[in-house]
Amino acid sequence: MMEVFYVEDDKTIADSVKEYLNRQNCKVAIFETVTAVKKALQSQIPALVLIDWNLPDGEGKDLCLWIRERVVDLPIIILTVRGDSQDVVAGFQSGADDYVVKPFELTVLYSRMLALLRRVQKAEETKLFCDDLVLDKERLTVSRGQKEIVLSQSEYHLLLLLMENKGKTITRTQLLEQIWDNHGHFVNNNTLTVTVKRLREKLCNPTCLKTVRSFGYRMEDTI
């Protein structure tokens with residue numbers, strides 16, 4: 001079942017969309033304000049978010065920016081009556097993945113939701129995510145938010161190993177063996193400590209990179 005957050009203060013439209021998507025095996029939660037959905041996103045991340053532009057306590061594009069700063073890969077579609085080209089561009093620049101102008105056919109909306117999720121799924125095959133960190137295994141790049149971060153080879157491989165095992169604690173011995181010893185470079189524990197320190201500094205000390213004292217390190221989502 002696909003979980004969807006829909007931010008819409010027009011009850012008639014919200015109920016219509018929810019009723020249709022429920023029939024397509026979607027679980028839809030309706031939020032009438034920016035404040036309400038922000039609170040919900042602190043504890044749960046859905047498969048997709050639908051956002052109206054004009055809301056009682058803010059604009060949809062600003063909500064998009066807020067989400068993008070925290071969850072890089074969350075699919076977002078803006079649903080709005082504002083069809084002017086400048087508004088469409090502003091919507092995409094704020095981080096929306098798609099832009100649907102009201103009135104719209106529910107069947108078309110659902111098709112675009114599925115198409116967006118297929119694109120995301122394909123991208124996830126080559127990308128690793130943790131909070132707002134993205135590691136692209138195909139391009140060999142690392143970014144946080146919209147900023148690409150240049151890492152050394154050892155820093156990249158350290159982050160890759162941790163992100164591939166997100167949620168699991170990797171011991172210092174395992175890291176030393178898999179990152180350095182496998183390449184014929186025999187190093188001591190201090191090399192790992194220094195590499196982790198430099199990695200943290202370059203990533204601006206992300207909370208998702210955890211130290212398990214006297215044991216190792218772990219990556220886990222905190223947002």
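Predicted model: local features only at pLDDT ≥ 70, side-chain atom pairs only at ≥ 80, totals over all residues.
**Close-up 1**

**Close-up 2. The open, parallel sheet of five strands.** Read across the sheet, the strand order is β2-β1-β3-β6-β7, and the pairing is parallel. The edge positions are taken by β2 (26-31) and β7 (98-101), each of which pairs on one side only. From one strand to the next, the twist averages 20°.

**Close-up 3. Strands β1 and β2 with helix α1.** Strand β1, which spans residues 2-7, runs parallel to β2 and is joined to β2 by six bridges. Within this pair of strands, Tyr 6 stands opposite Ile 30 of β2. Helix α1 (residues 11-23) packs on the sheet, where it touches β1, β2 and β3 (48-52), and the direction of helix α1 makes about 165° with that of β2.

**Close-up 4. The open, antiparallel sheet of three strands.** Here the order is β12-β14-β13, with antiparallel pairing. Because β12 (169-171) and β13 (209-212) stand at the edges with a single partner strand each, one side of each is left without a neighbour in the sheet. Neighbouring strands of this sheet are turned against each other by 30° on average when direction is ignored.

Close-up 5. Three bridges pair β12 with strand β14 (residues 216-219) in the antiparallel sense, and Thr 169 stands opposite Arg 218 in β14. Helix α7, covering residues 172-180, packs on the sheet through β12 and β14, and its direction makes about 70° with that of β12. Helix α8, covering residues 189-202, also packs on this sheet, touching β13 and β14, with its direction at about 150° to that of β13.

Close-up 6. A search of the whole structure finds zero disulfides. Cys 26 is in no disulfide, the nearest cysteine sulfur being that of Cys 64, 19 Å away; with a relative accessibility of 3%, Cys 26 counts as buried. For Cys 208, the nearest cysteine sulfur is that of Cys 130, 3.8 Å away, and a disulfide requires the two sulfur atoms to be within 2.5 Å, so Cys 208 is in no disulfide. Cys 208 is likewise buried, with a relative accessible area of 0%.

Methods. Residues numbered from 1 in each chain as written. Heavy atoms only, no water. Pairing = 2+ DSSP bridges. Helix = DSSP H or I, 4+ residues; strand = E, 2+ residues; numbered from the N terminus. Axes fitted to C-alpha atoms, helices over the stretch in contact; angles between N-to-C directions. Contact = heavy atoms within 4.5 Å. Buried < 20%, exposed > 50% of the residue type's maximum accessible area, 1.4 Å probe, protein only.
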